[in-house]
Amino acid sequence: MNKLLYLAAILFMVSCRSTQQTSQTSSKEEKNFKVNTIAFYNLENLFDAENDKTIKDEYSPIMEMSEGLREGVYQKKLKNMAYVIPQIGADVSKNAPVVVGVCEVENRKVLEDLANQKDMLPYNYGIIHKDSPDMRGIDVALLYQKELFKPTHTNSHKLLMYYSDNPEKRVLTRDQLVVSGKLDGDMIHFIVNHWPSRSGGEAKSRFKREKAAALNKKIIDSLQAIDPYAKIITMGDFNDGPYNTSVKEVLGAKAEMEEVELKGLYNPMENMQKKGIGTIAYRDSWDLFDQMIMTKPLIEKDYSSYRFYKAGVFNPQFLSTPRGKYKGYPYRSFSDGGFSGGYSDHFPVYVHLIKEVK
């Protein structure tokens with residue numbers, strides 16, 4: 001049975017209990033699978049209502065509002081984010097994501113406020129966060145259900161870049177957060193990314209994302225040097241699509257499972273992008289900047305430990321702009337200098353990991 005047919009069979013077995021008739025006996029053997037969701041979500045400017053004079057948070061949309069409106073908008077923004085996160089992948093896993101990588105968060109405080117929202121509290125999320133040197137103060141972070149995932153090691157890697165016209169001046173951007181831990185006893189490593197934006201144009205800013213990809217590859221290589229069979233998921237808003245040089249050549253991510261070698265990377269988002277599925281929309285065109293990329297051990301056929309089941313973009317109707325010029329685009333929180341009532345200018349993405357339960 002080839003890989004695609006095998007996975008198709010697994011799809012059926014996860015959605016219901018599968019009974020297999022063995023050729024040797026007439027007895028039935030039940031196979032059950034545990035499913036967990038790993039998600040990533042760009043939270044679009046999750047900033048608190050206070051002015052932090054150590055960073056340029058005044059450039060965030062909420063700080064551009066009058067002081068009397070900020071706290072109310074902040075609370076609405078938190079409520080919206082907390083409403084979305086537990087639903088990601090829950091149709092299959094019947095649970096909120098066990099691990100959620102996030103970006104565009106200001107500080108640990110906003111993450112604590114998010115985790116303490118009514119819709120988030122039942123899942124008892126822990127927080128892993130380190131401040132990045134980004135000019136606006138936006139960071140990446142990881143949320144995890146404490147009962148299901150046990151972090152064993154965390155590290156934050158700085159992306160060192162300098163301006164070509166001023167080699168002594170550093171380009172300040174987000175760090176890459178690495179979290180290693182055990183999911184039901186299985187060691188899995190997560191890397192959370194928010195690569196440099198396309199500000200100034202795609203071509204002019206391309207070298208920054210290629211530098212970010214090189215750092216990401218270096219982190220992956222270092223984990224694989226310790227264990228060639230390391231299960232690694234690198235996730236984030238790459239500000240590049242699966243087709244860009246940063247992802248295709250620097251990371252070397254493959255669209256087809258059969259092409260992935262031992263220390264290679266599989267990108268399930270590439271074929272989705274080719275079908276027109278996206279996480280962001282711009283000028284009536286969709287792109288897939290938010291991605292989940294994994295190492296080969298996660299796509300093997302032995303389901304005695306966690307393996308990749310499927311990937312997706314979480315885009316229910318309520319996350320899309322309901323009317324107007326941008327109808328169908330991600331329903332963003334901030335537009336025209338105010339709070340729109342929406343969620344984020346990005347759709348979240350996810351992968352399901354499955355494991356056979358004896």
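The following paragraphs lead through the structure from its overall form to single residues.

This is a predicted model, in which local features need pLDDT of at least 70, side-chain atom pairs count only at pLDDT 80 or more, and totals for chains, interfaces and linings use all residues. Residues are numbered from 1 along each chain as its sequence is written, and side-chain values use heavy atoms, with hydrogens and water left out.

The secondary structure of the protein comes to seven helices and 20 strands. Helices (H or I, at least four residues) and strands (E, at least two) are DSSP runs, numbered from the N terminus. The radius of gyration, taken over C-alpha atoms, is compared with a globule rule of 2.2 Å times the number of residues to the power 0.38. For the protein the radius is 21 Å, close to the 21 Å that the rule gives for 358 residues, so the protein is as compact as a globular protein of that length. Along the principal axes, the C-alpha atoms fill a box of roughly 75 × 45 × 40 Å. Of the 358 residues, 54% are buried; buried means under 20% relative accessible area, exposed means over 50%, and partly exposed lies in between (1.4 Å probe, protein chains only). A contact means heavy atoms within 4.5 Å. Among contacts between residues at least 6 apart in sequence, 69% join residues at least 24 apart.

Two of the helices can be checked against their expected span, which is 1.5 Å times one less than the number of residues. Helix 2 (residues 67-84) has 18 residues and should span 26 Å; its end C-alpha atoms are 27 Å apart, which agrees. Its buried residues include R70, V73, Y74, K77 and M81. Helix 5 (residues 202-226) has 25 residues and reaches 36 Å from its first C-alpha to its last, close to the 36 Å expected. Among the buried residues of helix 5 are S205, K208, R209, A212, L215, I219 and L223. An α-helix has 3.6 residues a turn, so residues three or four places apart point the same way.

An open sheet of seven strands has the order 6-9-10-11-16-13-12, with mixed pairing. Strand 6 (149-157) and strand 12 (253-254) stand at the edges with a single partner strand each, so one side of each is left without a neighbour in the sheet. Two strands pair if DSSP finds at least two bridges between them. Strand 6 and strand 9 pair in the antiparallel sense over eight bridges, and N155 stands opposite V178 in strand 9.

G181 is also found in strand 9 (residues 176-183). G181 counts as buried because its relative accessibility is 0%. Leaving aside residues up to four places away in sequence, G181 touches F149, K150, P151, T152, D186, M187 and I188. The C-alpha atoms of G181 and K150 are separated by 5.3 Å, although the two are 31 residues apart along the chain.

Another antiparallel pairing joins strand 17 (residues 307-313) and strand 20 over six bridges. In this pairing A311 stands opposite V351 in strand 20. Strand 20 is mostly covered, with eight of its nine residues buried.

The aromatic side chains give a further view. Rings of Phe, Tyr and Trp (its six-membered ring) pair if their centres lie within 6.5 Å; planes under 30 degrees apart count as stacked, over 60 as edge-to-face and the rest as tilted. A search of the whole structure finds 13 aromatic pairs. One of them is the stacked pair of W286 and F347, at 5.8 Å centre to centre and 15° between the planes. This pair links distant parts of the chain, 61 residues apart: W286 is in strand 15 (residues 285-287), and F347 is in the loop between strand 19 (338-339) and strand 20 (349-357). W286 is partly exposed at 35% relative accessibility, whereas F347 is buried at 3%. Y326 and Y329 form a tilted pair, 5.3 Å centre to centre with 55° between the planes. Y326 is partly exposed at 43%, and Y329 is buried at 12%. Ring pairs also link Y83, F318, Y331 and Y343 into a cluster.

Y163 lies in strand 7 (residues 162-163) and is partly exposed, at 32% relative accessibility. The charged end of K169 sits over the ring of Y163, 5.3 Å from its centre; this requires NZ of Lys or CZ of Arg within 6 Å of the ring centre and within 35 degrees of the ring normal. Beyond residues up to four places away in sequence, Y163 touches K169, R170 and V171.
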